[in-house]
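Below are some brief comments on the structure you sent. They are set out as numbered points, to be read alongside the coordinates.

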Amino acid sequence: MSERPPLLRLADVHVRLSGSHILQGVDLTVRRGGVTALLGRNGAGKTTTVKSVLGLVPSSGTIEFTGGDGRTHRLQGRRTHEVVRLGIGYAPEDREVFGGLTVAENLTLAERRDSAHHHDRVYDLFPELEQRSRQLAGTLSGGQQQMVAIARLLLNDNQLLLVDEPTKGLAPLLVAEVADVLARAAEEVTILLVEQNLTVVRRMATDAVVVDQGRVVWAGSAPELLADPDRTRELLGVAPSGGAHTGSERASSPTTEQHVRSRRSSAGEAGA
Amino acid sequence: MSTVVLLTVTGLGLAALYFLVASGLSLIFGLMGVLNFAHGAFLTIGAYGTWWAAENIPGAGATGWGFVYAVAFGVAVGTLVAAVVELTLIRPLYERHIEQVLVTVGLSLALVALVRAVWGADPRPFPRPELARGTTSLLGANVPNDRFLLIATAIVVLVAVLAFLRFTRFGLVIRAGVENRTMVTALGIDVRRAFTLVFAIGGAFAALAGALGGIYLGSISPGQGTSLLIFAFIVVVIGGMSSITGTAVAAVLVGLVQQFANYYAASGVGDLSVVLLLAVVLLTRPGGLTARLA
Amino acid sequence: MSRNPTRLAPLVVLVVLALLPYSTLQVPGLFDGVLNSPGTLQLIALCLVFGGVALSYDLLFGFTGLLSFGHALYFAAGTYVANLALTELGLGLGAALALTTVVGVVLPLLVGGVALRVSGIAFSMVTLATAQVGSIIVLQDPGGLTGGEEGLAVAREPVPDVFIGVFNTVNKYWLALAYLALVYLVVTLLTRSRAGRVWAAIRENERRVEVLGLKPYPFKLLAFVLAGLLATLGGVVHLLLLGGSTPRVTTTDFTLSLLVMVVLGGAGSRWGAVLGGVLYTYLDSRLTDLAQSPAVQDLPAWLRVPLSEPLFILGALFVVVVFFFPGGIAGLVARLRERRAGRRPGTTPPPDGTTVPGRAVEQLREAAGRGVGVGAGQPRDGV
C-alpha cells in the first residue's frame, strides 16, 4: 500500500477525567483517504480518543490536523467549534440529534459558514428525511435519528469525519444501509470510524487501530487484522466471522456495554 | 364580581412583571446553566435608568413620547450592563457553573449597593404617564390602566421571543443549545455568542420590568429588584427551568394565586401560597410544569 | 512539615481569644478602643458568632455540597423564637434555649425533608423560597409579635444579669467564643465521622454513593438538620449579644452574605469558613465606620460614593476572590503550602474522605449544571 499523507496525528495523548486516567499516551495517525477503524473493547478509550480530538475532553500531548491547504494545526487550545471549522465532522455515539427541533432545523443548524451546504446530496442519500423534514427529530426512530446524525456530517464539505458507533442499536437492515452510506461517503472524505460491528469494519475499513486500556496496542491494515482470527480474538475478544451477514458480530456483550455507556455518559458530562 | 375582575387583572399585571423577569432567567439558565442572581440588579438599573432619564435627558420626560424615550434609555442601559457582565465576568468562567453563580451573587450585592450609594436607600417617586394613571371600566370594575399596560407589554414580549426563537438562526442555536450545548459546539457553532445574546435579552426584559414595575408601584427603591427576583425564580422553577411558554404559564399561575390569596385570606398569605405552590409542583412533578410535555 | 502544630492551632487560638478581655492593648487602625473596651469586645464577639454561623453553613455547602439559599431561616428562627419565648412566654433562659433547640431541629427537618427530595438548582430554589416565608412572616408582624421592620427588643427580666448591659459585654464575648468553639468542635467531629466521609462522597459524586448501596437522602438530611441547629443556636447567641432581633437576618441577602463568607474563607475548610465569617463581619462593620470618617467624606464623589456602601466593596471583593482565588483564603494557603513543599499543585490526589480546602467549589461544578433533579441531562422541550 502506498503511503498516504497524514491527516490527523495523535502523539502521547493523555486524558484524565474526574480522577481516572482514561487515555494513557495514545499514539495514532489517520492518513488521508480511506476509512480508519478505531477498535477495542468497551471502555478501552475509543470514544474518549475521538472526544479529545474535538476538544470535548481536556487532554495533554499532541494532536495535529493537516488541513486542505497543507498547513498543520495543533488542535489543543482550540475550542471545539474552531476545530470543527477546520473541516472535521462529528457524529457522536448516541447520535445526539436535537429532539425538540425538526429534521429540517437539525440540518439548518448544522450548516457551517466555512462550507457549501449540500442539502440535495443529503436528501438524495436519505429521501426519507426529506419526507419527514417537518417532523420533530425526537419522534424519529433510532435508525432515522442516525440518518439525521450522518446527514449533518455530509451536509458540509469536510476533510475528516469522526463517526462513533453509527450502527449501535440498529436493526440489521439499517446497519447495512448506514454502512452503505458511509462507504459511499468514504469515496470523497477520510473517516475515523469507531465500530464494534466487525462486518461493517470488514466492509469499508482500510486501516485499523486497536486501543486497550487507554493505549494503542495494534495499528496497521484492517484487512490484514481481520484475516488473522487469532490476533483478532486476542485484541478484541471476538473472532471475525467470514460471512456476509450483518448484525450480531459484536465485540462484547450488551450488559457490559450498558454499564460502560452509563459510566461514559457521566464522563461526557464532566467534559461537556 | 367587580372585585374578582379587578383581582384577576391585577394578578395578570403582576404575572406580566414576573414573566418579564423570569423569561430572561429561564433563557439564561436553559442555555448556560447559570442561575443569574444579578438579574434583580438589572431590573433595578432599568428602573433607575428610566427615572434618571426622565429627569435629566432632554427630550425625555415623565409623559407621552418623552416617557417612552426614558424607558428606552433605561432598557438600553440594562441591556448594556447585562452584555458587559456576560462578556467580562461570566464568559471567562466558561462552564464553571458554581463560580458563575457566585459571581452573579457578588454582582447582585455590589450593583444594588452602588445604586443605593448613588441615589439613597429611600424609595423615589416614579413618573406615571397619563396613559397609566386613568382607569378603565371592565365588567363593572374600575381597573387601573397600568395593569393593561403591563399585560400588553408582556404579551408583545412573549410573542416576540417565541418568534425570535422560531424564525431566526440565533433562535435556532438557542433552542438547540438549551437541549444540548455540547453538540451545538460540535457542529462548529460558537455557542458563547448566543450566551452574550441571551444575557443582553434577559437584561433588556429585566430593565423593562424595572420601568413597568416603577409605574405599577409608583416608586422605585434599590432593593425592589431583589424582592421581585425571588418570585421570578419561583416562576422559573415552576415553569420547568428552561421553557418560555412554561414560564409564561407559571407566571400567570403565581400572579393570580398571590393576588387572590392576599385579598381573600390575609396580606402575606398570597406570598406564602406561592411558596406552597412551588413545593407542591416540585414534589409532584420535579421537572416543573413542562416536564411531561417534553 | 510536622502535623502537630497545625493540629494544636485551634486550641492556641481559643486560649488567646479567651484571654483577650484581660488585655488593654491598643491596636491602632484595627480597633478604635483598647482590646477589652466594650465596643471592641462587642465587635469581636459579633465576628465570632458569624464565624460560627458561617462554619455551620460550610457544613452544608463546603462539606456536603448542598447549595442552600435559605440558611438565614434557621439563624432567624433562633433569634426570634428565643426572643418570643423570653419576652412573650416569660420563660427562663434555660427553658427558652430548650424550646429553641427543639425548633432548631424540627424546622430544618421539615424543610430539609421536603427540599432534599429534589436536587441541584431546584433544591436551592426550595430553600430560597422557604426562607422567604420566614422573612415574609417576620415583616408582616402577625399579631404584633415580631415587631416587623422595627425588630424586637428582648425583655430584660428573664435574661440572667450577667448578659445584660455594657458592663457585661465581656460575658457576652465569652458566650460568643464558647459558641464558636462548640460549632468548631462539632463540625470537626462530624466531618471526621463515618457520616462526614459519606458527606464528602456525596459532594464529589452522589451517584457513586448510590452505587455503593448507600442512600444519600438520610445523610443529606442529617447534614441539613445539624447545620440548621447550629445556626439556630447562633441566632440565640446573637440575640443575647444584641439584646434584640432584627429582620435583617431573615433576608435572602443575609443567606447570600453567609455564602460570601464561606467562599471568601474557603469552602470545605473549617478554619477558612470561620475566618471568612470573621473577616466579612469585621469589614462590614469597619467599612461602615470608614464611610463616615472624614478621610472618606473628603474624597471626590466618584470615590466617596462607592466607598460609602460596605456591601459594594464586599460584593466586588467577592467577585475578585471567585475570579482569582476560587478556593478562597484557605485554598490560597493550601496552594502556597504545596508550592513550598515543592509539589506541583493538583498533582496529588487527596486521601479518601478528606477535604482539600477550597476545592469544594471546583468539585461542585459538575453538579451545578445539571439543573432540576429528574430529567436533567435528558433532552428538554426547550421552548
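**Notes on the A/B interface and other points**

1. In this predicted model, 23 residues of chain A are in contact with 21 residues of chain B. The two chains bury about 1900 Å² between them, and 58% of that lies on carbon and sulfur atoms. His81(A), Phe98(A) and Leu109(A) supply 30% of the area that chain A buries against chain B, more than any other three residues.

2. Chain A and chain B share one salt bridge. Its partners are the side chains of Glu105(A) and Arg175(B), at 2.8 Å from N to O.

3. On the side of chain A that touches chain B, helix H2 (80-85) and helix H3 (103-110) each supply at least two residues. By type, the residues on this side are 10 nonpolar, five polar and eight charged.

4. Gln146(A) belongs to helix H6 (residues 142-155) of chain A. Why is Gln146(A) classed as buried? Its relative accessible area is 1%, and the class covers values under 20%. Beyond its neighbours within four places in sequence, Gln146(A) is in contact with Arg95(A), Glu165(A), Pro166(A), Leu170(A) and Val178(A).

5. For chain C, an unreviewed UniProt entry places the feature "transmembrane region" at several segments, including residues 92-116 and 254-283. Residues 92-116 of chain C are 92% helix and 0% strand, with the end C-alpha atoms 35 Å apart. Residues 254-283 of chain C are 87% helix and 0% strand, and there the end C-alpha atoms are 15 Å apart.

Terms used. Residues are numbered from 1 along each chain as its sequence is written. Chains are lettered from A and ligands numbered from 1 in the order in which they are written. This is a predicted model: local features need pLDDT of at least 70, side-chain atom pairs count only at pLDDT 80 or more; totals for chains, interfaces and linings use all residues. Side-chain values use heavy atoms; hydrogens and water are left out. Helices (H or I, at least four residues) and strands (E, at least two) are DSSP runs, numbered from the N terminus. Buried means under 20% relative accessible area, exposed over 50%, partly exposed in between (1.4 Å probe, protein chains only). Contact means heavy atoms within 4.5 Å. UniProt positions are given in the numbering used here, feature names are shortened, and annotations may be inferred rather than shown by experiment. Buried area is the accessible area (1.4 Å probe) that two parts lose on being put together, summed over both. A salt bridge is a side-chain nitrogen of Lys or Arg within 4 Å of a carboxyl oxygen of Asp or Glu. Ala, Val, Leu, Ile, Met, Phe, Trp, Tyr, Cys and Pro count as nonpolar, Asp, Glu, Lys and Arg as charged, and the others, Gly among them, as polar.
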